[in-house]
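Please consult the sequence and the coordinates alongside the text.

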Amino acid sequence: MRPPLTRSPSQTSKIKGGIRRWDEALFDTHTDGILVLHRGRVVYERYLGALSAELPHACFSITKSYVSTLAASLVREGVLNDAAAVTHYVPELQGTAWEDATLREVMDMRINFTEPVEHGNENAGNRAYMRACGMRPRQRGTQNLYEYLRAVRKNGSHGGFAYKSVNTEVLAWVMARVTGRSLTRLLHERLWAPLGCEEDAHIIVDATGVPTAGGGLSATLRDLARFGELMRREGDCNGHQLVPASVVDDVRRGGDRAIVAKAEPCMPGYSYRNMWWVSHNELDAFEAIGIYGQRLHVAPEAEMVVARFASRPVAHGASNDMVTVPQLLALGRMLRS
């Protein structure tokens, strides 16, 4: 049995622009587990604290990238039309923030709206949403997920970037309505089973059994890395095209950097496409990012995939990114050379 790992004072101190070793950076970013693939081969795998290879970990908003990759695939296959109105597929959203929104605007987080607050408390944030989807304890009168979405109202014109989890819930609703399959079924049939994932995934559901698409998935580190490797290989898995190559190419090209910079100044140089963060750096890296330090980093020019789970004590990622962004860039440069 491995001895428990502790953080020394120097490892938990505030980062002040100094040079850190790789192992020190893992502690700085509160890493629970990290796995590095190079050309599809595991070159580094480490678990810290309570996590181990067979245990699932919360992915949080990495879930969004799974969901939108499925949706973008259905668009390429002609099952969905991303220029169509959301209400063409889900008429129940008439009168909501998505009444005049296109599917493409949903997939790129270009919707402007105001979410209902809990018990009139403006400081409650998205607690009502989290109760509706099952991520917080339910109370008397709590809405289910679809009831909650029907209560969201438009707040100005669409088009600017606004990162909101409820867009992914809408996207999953559209897919379920058109395909007749739940998100969990789509994930199993189109990704989990054909990728040969080692372990079952778990997903949070609301009171009616609707999966939480905005951040409800839990998976093992190795299975997460399999998804990243699929994207690095432009959707190919052992000769089977699970995701159209054009979908991956679309993600790599990215979107409008200016609107992301205006809304998310902590993500300099990034754009957002199909619910992936696109770095536009020298390694052509794109990422699925989750709150509290979750990251799936795909760097095609370095033939590298990095999957990381973490338990950062605060939600905001700016302090983590000061370590993570240069850390992964340096690793990619080394593997590329």
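The points below are grouped by topic. The model is a predicted one. Helix α3 packs against helix α9 at an angle of about 75°, and the count of aromatic pairs comes to 14. Asn238 and Glu303 take positive phi values although neither is glycine.

**Packing of α3 and α9**

- Two packed helices are described by the angle between their axes and the distance between the axes.
- Helix α3 spans residues 62-76 and helix α9 spans residues 183-195; their axes lie 11 Å apart, at an angle of about 75°.
- Because angles of 65 to 115 degrees count as roughly perpendicular, α3 is roughly perpendicular to α9.
- On the α3 side, the contact is made by Tyr66, Val67, Leu70, Ser73 and Leu74.
- On the α9 side, these residues meet Leu183, Leu186, Leu187, Arg190, Leu191 and Trp192.
- By class, nine nonpolar residues, one polar residue and one charged residue form the contact of α3 with α9.

**Helix α3: span and burial**

- The 15 residues of α3 reach 22 Å from the first C-alpha to the last, which is close to the 21 Å expected at 1.5 Å a residue.
- Helix α3 is largely enclosed by the rest of the structure, because 14 of its 15 residues are buried.
- Just after α3, Gly78 has a positive phi of about 85°.

**Helix α8: span and burial**

- Helix α8 covers residues 166-179; its 14 residues should span 20 Å at 1.5 Å a residue, and the 20 Å between its end C-alpha atoms agrees with that value.
- Of the 14 residues in α8, 11 are buried, and the helix is mostly covered.
- The buried residues of α8 include Val166, Asn167, Thr168, Glu169 and Val170.
- Leu171, Ala172, Trp173, Val174, Met175 and Thr179 of α8 are buried as well.
- Just after α8, Gly180 adopts a positive phi of about 75°.

**Aromatic pairs**

- A pair of aromatic rings is described by the distance of the centres and the angle of the planes.
- The model has 14 aromatic pairs.
- The ring centres of Trp22 and Tyr44 are 5.6 Å apart and the planes stand at 85°, so this pair is edge-to-face.
- Trp22 belongs to helix α2 (residues 22-28) and Tyr44 to strand β2 (residues 41-47); the pair links distant parts of the chain, 22 residues apart.
- Trp22 is partly exposed at 25% relative accessible area, and Tyr44 is likewise partly exposed at 26%.
- Trp276 and Phe286 also form an edge-to-face pair, with ring centres 5.3 Å apart and planes at 75°.
- Trp276 lies in strand β11 (residues 276-278) and Phe286 in strand β12 (residues 286-290), 10 residues apart.
- Trp276 and Phe286 are both buried.
- Ring pairs join Trp276 and Phe286 with Tyr66, Trp192 and Phe227 in a cluster.
- Within that cluster, Tyr66 of α3 and Trp192 of α9 are also among the residues in the contact of the two helices.

- Most residues other than glycine have a negative phi, and most peptide bonds are trans.
- Asn238 has a positive phi, near 55°, and is found in the loop between β8 (236-237) and β9 (240-241).
- Asn238 is exposed, with a relative accessible area of 70%.
- Glu303 has a positive phi, near 50°, and is placed in the loop between β13 (294-299) and β14 (304-310).
- Glu303 is partly exposed, with a relative accessible area of 30%.

How values were computed: Residues are numbered from 1 along each chain as its sequence is written. This is a predicted model: local features need pLDDT of at least 70, side-chain atom pairs count only at pLDDT 80 or more; totals for chains, interfaces and linings use all residues. Side-chain values use heavy atoms; hydrogens and water are left out. Axes are lines fitted to C-alpha atoms, for helices over the stretch in contact, and angles run from 0 to 180 degrees between N-to-C directions. Helices (H or I, at least four residues) and strands (E, at least two) are DSSP runs, numbered from the N terminus. Angles under 35 degrees count as roughly parallel, over 145 as roughly antiparallel, 65 to 115 as roughly perpendicular and the rest as oblique. Contact means heavy atoms within 4.5 Å. Ala, Val, Leu, Ile, Met, Phe, Trp, Tyr, Cys and Pro count as nonpolar, Asp, Glu, Lys and Arg as charged, and the others, Gly among them, as polar. Rings of Phe, Tyr and Trp (its six-membered ring) pair if their centres lie within 6.5 Å; planes under 30 degrees apart count as stacked, over 60 as edge-to-face and the rest as tilted. Buried means under 20% relative accessible area, exposed over 50%, partly exposed in between (1.4 Å probe, protein chains only). The expected span of a helix is 1.5 Å times one less than its number of residues.
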